[in-house]
Amino acid sequence: LRPGRLALCCVRERQRGRERMNRVRLLGYTSLVALGAAGFAWIGRDLGGLGTYGSPSLFGWRVLLMLLAFPVSMTLAVASYRTGEDLQTVPGSMKLRRKKWHMFLNLFSLIAGFIALAIVLAYHKCPSMDPATGECAASYADLYSVHSWVGLCALGLLSLQFLVGFYAYWIRRNATLQWKAKLMPIHRYMGTVTWIVGLLTACVGLMERQAFFDYSYLYSSPRM
């Protein structure tokens with residue numbers, strides 16, 4: 001091929017890549033909106049909404065925050081660099097905006113995850129309060145399930161991933177490109193692992209909560 005025709009083919013291929021990625025991104029955003037709507041409906045119907053300390057509906061905050069942390073915010077953070085483009089050809093200002101957006105979303109996921117952890121510990125300490133005495137009627141043990149330990153692993157991985165990424169690509173953003181290039185595959189791999197563990201935590205938590213509700217799948221069940 002002639003140089004001019006080869007360049008035109010490259011431009012067209014990049015354009016098709018961006019179009020494919022835009023379609024995937026639209027599908028992903030639509031799925032996130034549907035997931036958020038289903039989560040809010042579940043919180044309102046089965047968890048009693050969003051309550052305060054000493055109320056059974058306090059648990060709704062934990063579900064909401066974990067839903068926002070991993071399935072929503074971290075998914076957007078992972079997708080922020082999946083643009084279908086060669087990042088070497090992206091202007092510096094646009095790349096900086098993506099980096100800031102990526103960092104903000106991961107920071108939000110980290111904060112939401114730790115707040116959710118604090119809420120579930122408070123809920124275990126006082127899941128319900130006796131209205132007559134104002135004292136907690138019962139309490140649950142902490143870290144008693146697979147969901148608890150998988151969730152701690154997810155938060156630990158997210159914390160480590162954020163600290164390493166913040167140091168390498170923000171504090172040391174003027175470091176040599178060779179050093180950043182060596183770290184990038186590890187950063188991407190660990191980010192994907194962290195995201196998958198976070199989604200696994202959410203799935204295991206839904207299964208655990210389903211067992212607490214004692215759902216029945218008989219057609220005669222009043223919950224159907």
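**Note on the predicted helical model**

1. At 48% relative accessibility, Cys153 falls in the partly exposed class, since that class covers values between 20% and 50%. Cys203, which has a relative accessibility of 46%, is likewise counted as partly exposed. The structure holds zero disulfides.

2. Among the elements, the lowest mean pLDDT, 67, belongs to helix H1 (residues 3-46), whereas the highest, 88, belongs to helix H4 (residues 146-171).

3. As for the overall architecture, the protein contains five helices and zero strands, so that the order of elements from the N terminus reads α-α-α-α-α. Of the contacts between residues at least 6 apart in sequence, 63% join residues that are at least 24 apart.

4. His124 deserves a separate point. This residue lies in helix H3 (residues 92-125), and because its relative accessibility is 8%, His124 counts as buried, the limit for that class being under 20%. Leaving aside neighbours within four places in sequence, His124 is in contact with Ser139, Tyr140, Ala141, Asp142 and Tyr144.

5. On burial and surface for the protein as a whole, buried residues make up 34% of the 224 residues, while the accessible surface comes to about 14200 Å², with 68% of that area belonging to carbon and sulfur atoms.

Terms used. Residues are numbered from 1 along each chain as its sequence is written. This is a predicted model: local features need pLDDT of at least 70, side-chain atom pairs count only at pLDDT 80 or more; totals for chains, interfaces and linings use all residues. Side-chain values use heavy atoms; hydrogens and water are left out. pLDDT is the predictor's confidence in each residue, from 0 to 100. Helices (H or I, at least four residues) and strands (E, at least two) are DSSP runs, numbered from the N terminus. A disulfide is a pair of cysteine sulfur atoms within 2.5 Å. Buried means under 20% relative accessible area, exposed over 50%, partly exposed in between (1.4 Å probe, protein chains only). Contact means heavy atoms within 4.5 Å. Accessible areas come from the Shrake-Rupley method with a 1.4 Å probe; for residues, only the protein chains shown count as cover.
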